[in-house]
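This briefing covers selected side-chain and helix contacts in one protein model. Look at the sequence and the structure first, then go through the points below.

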Amino acid sequence: MENKKKKEISFTEGSAFWAIIRFAVPVFGAMVLQAAYGAVDLIIVGFFGDAASISAVGTGSSFMQMITLIITSLAMGATVVIGQYIGENRPDKAGDTVGTTIIIFVVLGIILTVLLELFATGIAGILQVPEESFDKAVTYLRICSGGILVIIAYNVISSVLRGVGNAKLPFIFVCIACVVNIVGDLFFVAVLGLDAAGAAIATVLAQFVSVVVSLPVMKHQNLPFSFSLKRIKIHPNKTRRIISVGVPIAVQEAMVQVSFLVINSIVNNMGLMPSAGYGVAQKLVSFIMLIPSTVMQSVSAFVAQNIGAGNSKRAKQGFYTTVVTGCCLGALIFCMGFFKGDLMSAMFTNETDVIAQSAAYLKGFSAECILTCILFGSTGYFNGSGKSLPVMIQGIASAFLIRIPVATFMSRLPDTSLTYIGMATPITTFCGIIFFLVCFRIYGKKEKKGL
């Protein structure tokens, strides 16, 4: 029993702050390493390729990041439902949820693989990839699409573990994948000269090795739910709960990512150098946004267990604690992005024009890393409570009513630059915070009335 306590974190007792920190640190570490996938690809391609290669990998990896984030968001439904059952002390129900999750995501993986392989060229066209980068981007997309089932397997395993409060094992698994990815990039890109295709092969291979290692490790874990092969089937009630929580989150994430891809296409239309600079900036953004993303996952897991245990007051305490901590750290990241964007961008390429374009985008974007801690914390609270409909509404409205129109307007200003394009995101986030403040007030009144 003592050994199990060391592996899984109980969010329903003890200090909320330290429980969240113990969970958040390995989550953050795993996210750093996940972000390093695309970063390593771009760094190595940047030094052994040219601007066309940077543009191809930047655009292709942005699209694959969108797919991965949608998968992760849908898997959040499983994380929340498992966490609530653990909070309710119902291990059998948690085990049935795991079995249902496996079936749902295997089917999803097969569908996505077929669609992405068939429409890779069309996707590159929609993204308005520059002509010099087009073929490389299509190749990158097709190779990565072939590894969708592997990406899904990793995210399902991670969602299950985080639902029971174990964030250490996902961190270990992603450490393994990151090492394999670095070695793979150096071999396929630097040694074999496969350029963007080599970066894609290394990424898929790294995920595959991580999953292969994780399966026997998972088998020997003393996890707090009942599971066997017989549970791998569709349990209708569990399916409804996973979908009711996960689908709105996934739709929200999809719309957000689509809006960023629209911005990517706007930037691509500005020329090769802005496209390459934006690709570099997006890799830095993937690191800048790690703290807000950690806030969301930590709040979701904390709130899910406490809502399951019937302790809504402690759930709110965890929300406030995490958001304040995240904002303090976000302020430091803001300073790095706003004042030292050129130095950060120079890690990915030695082309002066590309560095200048990347730094310009970061200057407009950087306020986002503070504001998003509040927005993502709110998103995590509603996700963990099982009330993901407001999350979906906010995501869709923000993407199509604010982010895209603002970015389009900024791109048409006289003497526009990527700084103006970057400002579209923090403006959108500020509006999202206002939306959630209204939601908190509405749900607060309902709780007082006992609805």
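In this predicted model, the side chain of Lys363 lies over the face of Phe338, 4.3 Å from the ring centre. Arg403 is placed over the face of Phe260, and here the distance from the ring centre is 4.6 Å. The points below go on to aromatic pairs, a pair of helices and a salt bridge.

**Aromatic pairs**

- The count of aromatic pairs comes to 15.
- The ring centres of Phe382 and Phe436 are 5.5 Å apart and the planes are at 25 degrees; planes under 30 degrees apart count as stacked, so this pair is stacked.
- Phe382 has a relative accessibility of 2% and counts as buried, because the cut-off for buried is under 20%.
- Phe436 is buried as well, at 0% relative accessibility.
- Phe436 also forms an aromatic pair with Phe435, with 5.5 Å from centre to centre.
- The planes of Phe435 and Phe436 are 75 degrees apart; over 60 degrees counts as edge-to-face, so that is the class of this pair.
- Phe435 has a relative accessible area of 26% and is partly exposed.
- Ring pairs join Phe382, Phe435 and Phe436 into a cluster that also includes Phe319, Tyr320, Tyr381, Phe440 and Tyr443.

**Two packed helices**

- Two packed helices are described by the angle between their axes and the distance between the axes.
- For helix α10 (residues 236-268) and helix α17 (residues 389-411), the axes come within 7 Å and cross at roughly 5 degrees.
- Angles under 35 degrees count as roughly parallel, so α10 is roughly parallel to α17.
- Sorted by class, the residues in the contact of α10 with α17 are 17 nonpolar, six polar and one charged.

**Salt bridge**

- How many salt bridges does the structure hold? There is one salt bridge in the structure.
- The salt bridge is formed by the side chains of Asp195 and Lys136, with an N to O distance of 3.2 Å.
- Asp195 lies in helix α9 (residues 195-219) and Lys136 in helix α6 (residues 134-145), so the pair ties together parts that are 59 residues apart in sequence.

Key. Residues numbered from 1 in each chain as written. Predicted model: local features only at pLDDT ≥ 70, side-chain atom pairs only at ≥ 80, totals over all residues. Heavy atoms only, no water. Phe/Tyr/Trp six-rings, centres within 6.5 Å; stacked < 30°, edge-to-face > 60°. Buried < 20%, exposed > 50% of the residue type's maximum accessible area, 1.4 Å probe, protein only. Lys NZ or Arg CZ within 6 Å of the ring centre and 35° of its normal. Axes fitted to C-alpha atoms, helices over the stretch in contact; angles between N-to-C directions. Helix = DSSP H or I, 4+ residues; strand = E, 2+ residues; numbered from the N terminus. Parallel < 35°, antiparallel > 145°, perpendicular 65-115°, else oblique. Nonpolar A, V, L, I, M, F, W, Y, C, P; charged D, E, K, R; others polar. Salt bridge = Lys/Arg side-chain N within 4 Å of Asp/Glu carboxyl O.
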